[in-house]
Amino acid sequence: MKTKIPIVIKRLIVRGQALPGKVTLKLFAVYLLTLLAVESRAGIILHRAVEPARIGLDISISGENLTLYFALSEESLSVLKKKMDLELIYSQLQRIHYFALPPAAAHCQVIALQVNREEDQISGYQTFHCKSPGQLKYIDVKLYEALPDLQAIDVWLTTENWQNKTVVYPEKRQVSIKSGILR
């Protein structure tokens, strides 16, 4: 039985025969492996870890206005689409009454709510008018109710005097607001 030697190996054998006599077998083996890696690099497949389904949520407090803006990226949607259809994700977010809920003591009312879909990205915003913004001690994030397969929410909270970046997880869904920041 005759074994067919691939062309790449034949080239390497020819190159090996042309090497000076002082080249050791180990050095030649390293040389061969290096050449094989270089010549077959088109066949190398790199695997990248997939980020868990995350969503970005920007919370801005200015005067008596509390604005929430979220963006669900194409990468996160690809993870979520494994369990929910894109149209279902979009409709779930459209049906939600609150992306996040301020405490009752702040006396906030929703004055705007919108969810947008552009190809493979979903975003939206919600604006509250708060009669007592000084009572905003925390904000309960409600996006997990619409999208239970989310793994994390990256929150960027900004006020006129302060900013804070945090991550909210399904088991702890509250964003704390530093006391004394709001009047």
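Tutor: Gladly! A strand here is a DSSP run of type E with at least two residues, and strands are numbered from the N terminus. Please keep in mind that this is a predicted model. By that reading, Gln-126 is found in strand E5. Overall, the protein has 5 helices and 9 strands, in the sequence order α-α-β-β-α-α-β-β-β-β-α-β-β-β.

Student: What makes strands E4 and E5 a pair, and in which sense do they run?

Tutor: Pairing calls for at least two bridges between the strands. Strand E4 (residues 108-118) and strand E5 (residues 121-130) share 10 bridges, in the antiparallel sense, so they count as paired.

Student: Which backbone atoms lie by the polar side-chain atoms of Gln-126?

Tutor: There are two to look at here. The backbone oxygen of His-97 lies 2.8 Å from a polar atom of the Gln-126 side chain, and the backbone nitrogen of Phe-99 also lies 2.8 Å from a polar atom of that side chain. The cut-off for a polar contact is 3.5 Å, so both of these distances fall within it. Beyond its neighbours up to four places away in sequence, Gln-126 touches several residues, including Leu-66, Tyr-98, Ala-100 and Val-110.

Student: How do you know what kind of aromatic pair Phe-70 and Phe-99 form?

Tutor: The structure holds 2 aromatic pairs. In the pair of Phe-70 and Phe-99, the ring centres are 4.9 Å apart and the planes stand at 80°. Centres must lie within 6.5 Å, and planes over 60 degrees apart count as edge-to-face, so this pair is edge-to-face. Phe-70 is in strand E2 and Phe-99 is in the loop between H4 and strand E3, 29 residues apart, so the pair links distant parts of the chain. Both Phe-70 and Phe-99 are buried.

Student: And what makes Tyr-98 and Phe-128 stacked?

Tutor: Their rings are 6.1 Å centre to centre, with 5° between the planes.

Student: Why do Tyr-98 and Phe-128 get the accessibility labels they have?

Tutor: Partly exposed covers what lies between the buried limit of 20% and the exposed limit of 50%. Tyr-98 has 34% relative accessibility, so it counts as partly exposed. Phe-128 has a relative accessible area of 1%, so it is buried.

Student: What makes you say that Arg-117 has its charged end over a ring?

Tutor: The charged end of Arg-117 is 6.0 Å from the centre of the Tyr-90 ring and sits over that ring.

Student: Which residues touch the most other members of the largest nonpolar core?

Tutor: That core has 41 residues, and Leu-72, Leu-93, Ile-122, Leu-143, Leu-150 and Ile-153 touch the most other members. Elements that supply at least two residues each include strand E1, strand E2, helix H4 and E5. Leu-93 is in contact with Phe-70, Phe-99, Val-115 and Ile-122, among others, leaving aside its neighbours within four places in sequence. In soluble globular proteins, nonpolar side chains tend to be buried together.

Student: Why are E3 and E9 called edge strands?

Tutor: The open sheet of 3 strands has the order E3-E6-E9, with antiparallel pairing. E3 and strand E9 each pair on one side only, which makes them the edge strands. E6 and E9 pair over 3 bridges, and Tyr-138 stands opposite Ser-176 in E9.

Conventions: Residues numbered from 1 in each chain as written. Predicted model: local features only at pLDDT ≥ 70, side-chain atom pairs only at ≥ 80, totals over all residues. Heavy atoms only, no water. Helix = DSSP H or I, 4+ residues; strand = E, 2+ residues; numbered from the N terminus. Polar contact = N/O pair within 3.5 Å; in protein donor to acceptor, adjacent residues only side chain to side chain. Contact = heavy atoms within 4.5 Å. Core = buried A, V, L, I, M, F, W, Y, C linked by side-chain atoms within 4.5 Å. Buried < 20%, exposed > 50% of the residue type's maximum accessible area, 1.4 Å probe, protein only. Phe/Tyr/Trp six-rings, centres within 6.5 Å; stacked < 30°, edge-to-face > 60°. Lys NZ or Arg CZ within 6 Å of the ring centre and 35° of its normal.
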